[in-house]
Amino acid sequence: MNPVKVGLLGLGTVGCGTVSVLTRNSGEINRRAGRGIEIVLAAVRERRRSRRCDAGGIPLTAEPFEVVDDPRVEIVLELIGGIEPARELVLKAIANGKHVVTANKALIALHGNEIFARAQERGVMVAFEAAVAGGIPIIKAIREGLTGNTIQWLAGIINGTGNFILTEMRDEGRSFGEVLAEAQALGYAEADPRFDVDGIDAAHKLTILASIAFGIPLQFDKVYTEGITQITPEDVAYAGDLGYRIKHLGIARRASQGIELRVHPTLIPHRRLIANVDGVMNAVLIMGDAVGPTLYYGPGAGAEPTASAVVADLVDVVRALTADPENRVPHLAFQPDALSDTPVLPIEAVETAYYLRLRAEDRPGVLADITRILGDLNISIEAILQKEPAEGEIDVPIILLTHKVVEQNMIQAIARIERLPAVRTKVARIRLETLK
Ligand code: NDP
Ligand code: HSE
């Protein structure tokens, strides 16, 4: 049988990783796919740029629409990133009857509903395993492996750059900026690294995970998002004293009134496996009603780990080329006409436990005032830690852990505590999840 003809958009970190893996493992891959795979044309911005892979045999163009319009091409690999021209290229490829494999989580999270609808109409596949958690086959695990379960919640470390920064800061005492620069040099970071550190990239991925877990449309604009830039070394140390680690988590939970979608720094008991996922590694913990908890772990970014997911999609598409479109795995796991309109909850309605840190005057009655405010709002305290005042200072750090409370009550409590004359700083607040 003739090899399948593939058009490549982008020869950067992931594009080059994909070419290397396809070349090195071609024998194994062809035996699995049942056909050879040949890249017939690749688009880049700058044709003369030196590449991190041996792409010498692949004709290059600086005109990406040549790839999606090439009549030889059956499958387009979109690995340029960003929204435009990626969106237009993917829609054109679909309109031309080509299947698409993409690693572009921003594109899927923001425009996936439209892209999948067009693909459905045209009878082509759009595969996006590499868009979430790098090399971990998490889309396949949820969409196929857990398909018998009602998924109750999932929580994931789903940004490699952010986890790499937090780990290096905690273990090696390195500065935020220095570690971020290393993540960029290693090819982990997004073109705009604020997407990594502000939690936007994790929110893109959580949007996708939630849709395939709960059968809801992609709703990126409803994800509550906080980044990692506010985490201080003292919070990391106090959390450690209390038996917790701070991780940047994406959490999707089916609650009684709707679905929680949130990305924020989170205290997790240090004995949980996911609390010990360090460096560029990612992990996703999923609670299914039948299977119970399952944990998926692996590299969350980087050239070949991501290529592993891209090539897996490519082989899946090659294997399914002759399958009737009606019999393929649906893009969002649930049949397109069976998506649910369960509402996504605003963050104020979310229920979670908290870590609070503040500085207050070290005199009788101050702690009582703080605990009274919490009690008045039905917030019960799990632990209190009061540190010695530093030499020559009259303020002391006070750290509190609370039981679960509705966010709206915590917002009110913090506002009241900050109005106490003895409290001289803003209250630092980090959500806490036991992940039981
Ligand atoms: P890079 O910036 O390393 O590579 C982008 C490639 O696309 C480059 O080869 C660039 O050309 C080319 N390109 C960009 N714009 C155009 C255009 N308009 N026309 C033609 N070519 C273009 O990005 P990555 O490989 O890191 O990321 C690619 C995608 O994969 C993104 O969506 C990213 O979010 C996703 N991803 C990345 C991971 C990673 O670890 N890096 C992991 C998982 C997903 P040139 O080289 O000439 O500049
Ligand atoms: N910038 C992303 C990360 C790439 O660091 O996780 C993988 O999606």
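Student: How many salt bridges does a search of the whole structure find?

Tutor: The idea is a pairing of side chains: a nitrogen of Lys or Arg with a carboxyl oxygen of Asp or Glu. Here the search finds 40 salt bridges. Remember that the model is predicted.

Student: Which residue meets Glu-168 in a salt bridge?

Tutor: Arg-174 does, through its side chain. The N to O distance is 2.9 Å.

Student: Is Glu-168 buried or exposed?

Tutor: Compare its relative accessibility with the cut-off: buried means under 20%. Glu-168 has 18%, so it counts as buried.

Student: How do Arg-194 and Asp-192 read on that scale?

Tutor: Start with the contact. Their side chains form a salt bridge, 2.9 Å from N to O. Exposed means over 50%. Arg-194 is at 53%, so it counts as exposed. Asp-192 is at 24% and therefore counts as partly exposed.

Student: What is the salt-bridge partner of Arg-424?

Tutor: Asp-395, with the closest N and O atoms 2.9 Å apart. This pair links distant parts of the chain, 29 residues apart. Arg-424 sits in the loop between helix 14 (407-419) and strand 17 (428-432). Asp-395 belongs to strand 15 (residues 395-402).

Student: Which residues do salt bridges with shared partners join into one network?

Tutor: Arg-170, Asp-171, Arg-245, Lys-247 and Asp-278.

Student: Now the ligand. Which residues surround ligand 2?

Tutor: Read the shell as the residues with a heavy atom within 4 Å. For ligand 2 they include Lys-105, Tyr-188, Glu-190, Asp-196, Asp-201, Lys-205 and Gly-300.

Student: Which helices each supply at least two residues of that shell?

Tutor: Helix 7 (160-172) and helix 10 (200-214).

Student: How do the shell residues divide by type?

Tutor: Into 3 nonpolar, 4 polar and 5 charged.

Student: What share of the ligand's accessible area does the protein cover?

Tutor: On its own, ligand 2 has 250 Å² of accessible area, and the protein covers 94% of that.

Conventions
Residues numbered from 1 in each chain as written. Chains lettered and ligands numbered in written order. Predicted model: local features only at pLDDT ≥ 70, side-chain atom pairs only at ≥ 80, totals over all residues. Heavy atoms only, no water. Salt bridge = Lys/Arg side-chain N within 4 Å of Asp/Glu carboxyl O. Buried < 20%, exposed > 50% of the residue type's maximum accessible area, 1.4 Å probe, protein only. Helix = DSSP H or I, 4+ residues; strand = E, 2+ residues; numbered from the N terminus. Areas by Shrake-Rupley, 256 points an atom, 1.4 Å probe, with all protein chains shown as cover. Nonpolar A, V, L, I, M, F, W, Y, C, P; charged D, E, K, R; others polar.
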